[in-house]
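Reader: I would like to go through the labels used for this model and the cut-offs behind them.

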Amino acid sequence: MTDPRPAYGAAELGDFMPGGAMAPAPDERVDVTGLSIAALSDLFAAMGEPAFRAKQLYKWIYVRGARDFAEMTDLSKTLRAKLEDGFRVGRPGVSAHQRSTDGTEKWLFRYADGNEAETVFIPDDERGTLCVSSQVGCSLTCSFCHTGTQRLVRNLTPGDIVGQFMKARDDLGDWERSDAGRRLTNIVFMGMGEPLYNTDNVIAALRLLGDGNGLGMGRRRITLSTSGVVPELRRIGEALAPQLAISLHAVTDELRNELVPINRKYPIAELMRAVRDYPTLKNAQRVTWEYVMLDGVNDSDADARALVRLIEGIPSKINLIPFNPWPGSAYERSSDERIRRFSRIIMDAGYASPVRTPRGQDILAACGQLKSESQRVGKRERLAMEAMRQEKEAAAGL
Ligand code: SAH
Ligand code: SF4
């Protein structure tokens with residue numbers, strides 16, 4: 001079997017590995033990646049070790065990126081040997097690692113149970129953003145999203161989520177760099193899955209990522225994108241309150257019901273109320289509204305004006321995302337001219353309205369193109385996809 005995805009001119013950094021030929025050997029030891037300081041302290045207490053030892057280990061794992069207990073020279077030799085026997089500092093396996101002609105990198109990570117999820121690194125002039133996945137597949141069915149055609153396989157654990165970040169830091173050589181020199185500076189939850197349908201694990205991962213005594217990413221450099229799971233917005237706001245990105249995509253309930261079906265459960269008015277209550281807004285931090293530009297569907301001047309009215313009074317940035325097609329998708333991307341006019345109306349109303357340049361398209365790494373299992377889509381598959389969509393919506397109670 002070969003990787004059926006197109007790789008036009010893409011440099012393969014690692015081979016696609018069917019059946020996990022190069023997956024890590026099964027390891028019965030407990031993986032400490034993803035454990036909080038409290039969990040490590042409990043583990044150490046059970047071993048009769050004092051809590052400050054757990055702090056030392058935490059620092060090795062999350063500040064220095066150490067993988068090998070032998071390196072941890074401030075722990076006694078006996079403790080290192082005990083750790084070596086019972087534990088490991090894990091990383092997800094890599095099924096494929098590709099680099100786009102524009103410098104974007106994409107990993108297809110493979111977890112111990114064989115499930116896979118994608119992570120994308122997008123280098124820019126002054127920042128480097130890692131786009132992480134929160135679920136394998138997605139239980140929602142946004143009609144323009146590739147991940148939406150895949151059923152939800154499972155939630156990612158805190159270790160699975162921070163594992164994507166830590167493995168990216170390994171591969172980018174970032175552990176050795178000082179904070180100021182790091183290539184990876186920002187993280188966005190915009191990969192596969194709906195993070196607020198996996199809120200507990202996402203909160204645990206956010207706490208690890210944001211810990212100034214650990215991975216040290218800082219709340220302002222973490223953005224969570226959601227399709228609008230209203231009750232969970234409150235919880236995430238009370239926990240770490242990362243920067244918020246809302247996948248709006250339409251300004252009427254009628255159209256949003258079709259594009260983002262969770263809207264049937266939490267319509268626009270409720271979503272706007274929850275966003276207005278989000279804690280970062282009180283410090284005048286901006287919310288990002290994501291708006292995919294679909295030709296002839298949601299991209300008229302009237303839509304732009306209605307959008308401006310909808311967000312009135314909310315400190316906002318509107319991120320226009322030209323639709324990224326995928327095999328079997330039913331939409332066309334709006335023309336550049338249309339996107340420019342739409343953006344102009346929003347800017348004239350006083351909001352920033354950057355157009356997101358699609359990145360890594362040659363390796364299917366752009367927004368909405370992620371899917372762990374690629375497939376060629378013909379008519380039969382398209383019908384099957386539609387049946388799947390209906391089945392998923394019924395299961396999600398939409
Ligand atoms: N589930 C979350 C986060 C992942 S999707 C959410 O929906 O917000 C990340 C962003 O990519 C969302 O704004 C999503 O609507 C957008 N997106 C999905 N498919 C796309 C496509 N084909 N083209 C452009 N953007 C897309
Ligand atoms: Fe899921 Fe987000 Fe895609 Fe909708 S846009 S199907 S919520 S990943």
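**Labels and their cut-offs**

Author: Leaving out residues up to four places away in sequence, Arg 235 touches Thr 199, Asp 200 and Ile 203; contact here means heavy atoms within 4.5 Å. This is a predicted model, in which local features need pLDDT of at least 70, side-chain atom pairs count only at pLDDT 80 or more, and totals for chains, interfaces and linings use all residues. Residues are numbered from 1 along each chain as its sequence is written, chains are lettered from A and ligands numbered from 1 in the order in which they are written, and side-chain values use heavy atoms, with hydrogens and water left out.

Reader: Where does Arg 235 lie, and why does Arg 235 count as partly exposed?
Author: Arg 235 lies in helix α6; helices (H or I, at least four residues) and strands (E, at least two) are DSSP runs, numbered from the N terminus. Its relative accessibility is 34%. Buried means under 20% relative accessible area, exposed over 50%, and partly exposed in between, with a 1.4 Å probe and protein chains only. The value of 34% therefore makes Arg 235 partly exposed.

Reader: What makes α6 and α8 roughly parallel?
Author: The axes of α6 (residues 230-239) and α8 (residues 268-276) come within 9 Å and cross at roughly 5 degrees. Axes are lines fitted to C-alpha atoms, for helices over the stretch in contact, and angles run from 0 to 180 degrees between N-to-C directions. Angles under 35 degrees count as roughly parallel, over 145 as roughly antiparallel, 65 to 115 as roughly perpendicular and the rest as oblique. The two helices are therefore roughly parallel to each other.

Reader: Which residues of α6 and α8 meet?
Author: Val 230, Leu 233 and Arg 234 in α6 meet Glu 270, Leu 271 and Ala 274 in α8. By class, this contact has four nonpolar, no polar and two charged residues. Ala, Val, Leu, Ile, Met, Phe, Trp, Tyr, Cys and Pro count as nonpolar, Asp, Glu, Lys and Arg as charged, and the others, Gly among them, as polar.

Reader: Why is the pair of Tyr 58 and Tyr 62 called tilted?
Author: The structure holds four aromatic pairs. In the pair of Tyr 58 and Tyr 62, the ring centres are 4.7 Å apart and the planes are at 55 degrees. Rings of Phe, Tyr and Trp (its six-membered ring) pair if their centres lie within 6.5 Å; planes under 30 degrees apart count as stacked, over 60 as edge-to-face and the rest as tilted. The angle of 55 degrees therefore makes the pair tilted. Tyr 58 and Tyr 62 are four residues apart in helix α2 (residues 51-62), so about one helical turn separates them.

Reader: How do you know that Tyr 58 and Tyr 62 are buried?
Author: The relative accessible area is 6% for Tyr 58, which is therefore buried, and 0% for Tyr 62, which is buried too.

Reader: What is the phi of Ala 241, and what makes Ala 241 buried?
Author: Phi of Ala 241 is near 50 degrees, a positive value in a residue other than glycine. Most residues other than glycine have a negative phi. Ala 241 is placed in the loop between α6 and β12 (243-247). With a relative accessible area of 8%, Ala 241 is buried.
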